[in-house]
Amino acid sequence: MTSYAAHSRPLRRRPGVAALALAAATALLAGCSSSSDDTSDPLADTAKSGTVVVGSNNFAESILIADIYGEALKAKGIKVSYKPNIGSRETTYGLLKNGSITVLPEYNGSLLAYLDPKAEQKSAAAVNAAAKAKLDSKLTLLESSPAEDKDSVSVNADTAKKHNLTSQSTLADLKNIAPELVIGGSPEFQTRQQGLLGLQAQYGLKFKSFKALDAGGPLTQAALTKNTVQAADIFTTDPTIVKEKFVVLQDPKNLFGFASVTPLVYKSGLSQEGVAALNEVSAKLDTKSLLDMDSQVQLESKDPLDVAKAWLKSAGLS
């Protein structure tokens, strides 16, 4: 997604992993600005031994996708080790550059915004091309999946029923009813182009009023559930969508940019067979599947590794 807010959410993980990851992250921080031949990093020997090290950032969805990637590689006979919950992009990008981790789940538009904050995002292909051009020469992006985790305007179940809105409805379908609706989101949403300004400019939407809440977090979720607001900025793979039957409206003009789930890899650490395996995952991973898996992990407290294995089996990738 274009902002990083959605990608720093609390996580649930197998007992003991968070503590292990914290220790690993502490040990790894020194490697963030080191060169590719730096051997001081405790993960470097693992990476050079032929083991593919699959890392993840410090939120639940990243850990889940890393498990999917890792198990897909294992299914091809590739030796894999996991380094979950390492930290933010500022940390993990450095670890990729020095080869300490080999594979990381990324979001193409968010990565491009990190590499070049001024870059325009006009199409998914253009985003990937621009990101690849800005990446360190030792790294590359593989194929993007249809799965996205980005900002959206979502309406609650009552509003959807009243106005006949479905998951196939678009933001343009709000034009005549927006004056009846209160919309909620972070304070910045009111003044951002990827917010009320863009909604009016791109879709002609003028809402009854705006309620300042948080960035897709518990305040926004609660307000939408209780009908304090009828529409809100909700991230597209937020499990609350399933739990509360929110309806995510389509954004055909791509106001909210691109945030396709995409493997970011250390090129020399992954074989062509590994590349093919991850591209097969991307071909089958869509937003609906990711939302369902996020719900299992975050609402039902299922182990993300078990959820990942089950999805891979259902997709014919295990």
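Reader: What makes Lys253 a charge over the face of Tyr203?

Author: A charge sits over a ring if NZ of Lys or CZ of Arg is within 6 Å of the ring centre and within 35 degrees of the ring normal; Lys253 lies over the face of Tyr203 at 5.3 Å from the ring centre, and Lys150 lies over the face of Phe258 at 5.9 Å. The model is predicted, with local features needing pLDDT of at least 70 and side-chain atom pairs pLDDT 80 or more, while totals for chains, interfaces and linings use all residues. Residues are numbered from 1 along each chain as its sequence is written, and side-chain values use heavy atoms, leaving out hydrogens and water.

Reader: Why is the pair of Tyr93 and Tyr114 called edge-to-face?

Author: Rings of Phe, Tyr and Trp (its six-membered ring) pair if their centres lie within 6.5 Å, and planes under 30 degrees apart count as stacked, over 60 as edge-to-face and the rest as tilted. Tyr93 and Tyr114 are 5.8 Å apart, centre to centre, with 70 degrees between the planes, and are therefore edge-to-face. Tyr93 lies in helix α4 and Tyr114 in helix α5, so the pair ties together parts that are 21 residues apart in sequence.

Reader: Which of the words buried, partly exposed or exposed applies to Tyr93, and which to Tyr114?

Author: Buried means under 20% relative accessible area, exposed over 50%, and partly exposed in between (1.4 Å probe, protein chains only); Tyr93, at 10%, therefore counts as buried, whereas Tyr114, at 25%, counts as partly exposed.

How values were computed
Helices (H or I, at least four residues) and strands (E, at least two) are DSSP runs, numbered from the N terminus.
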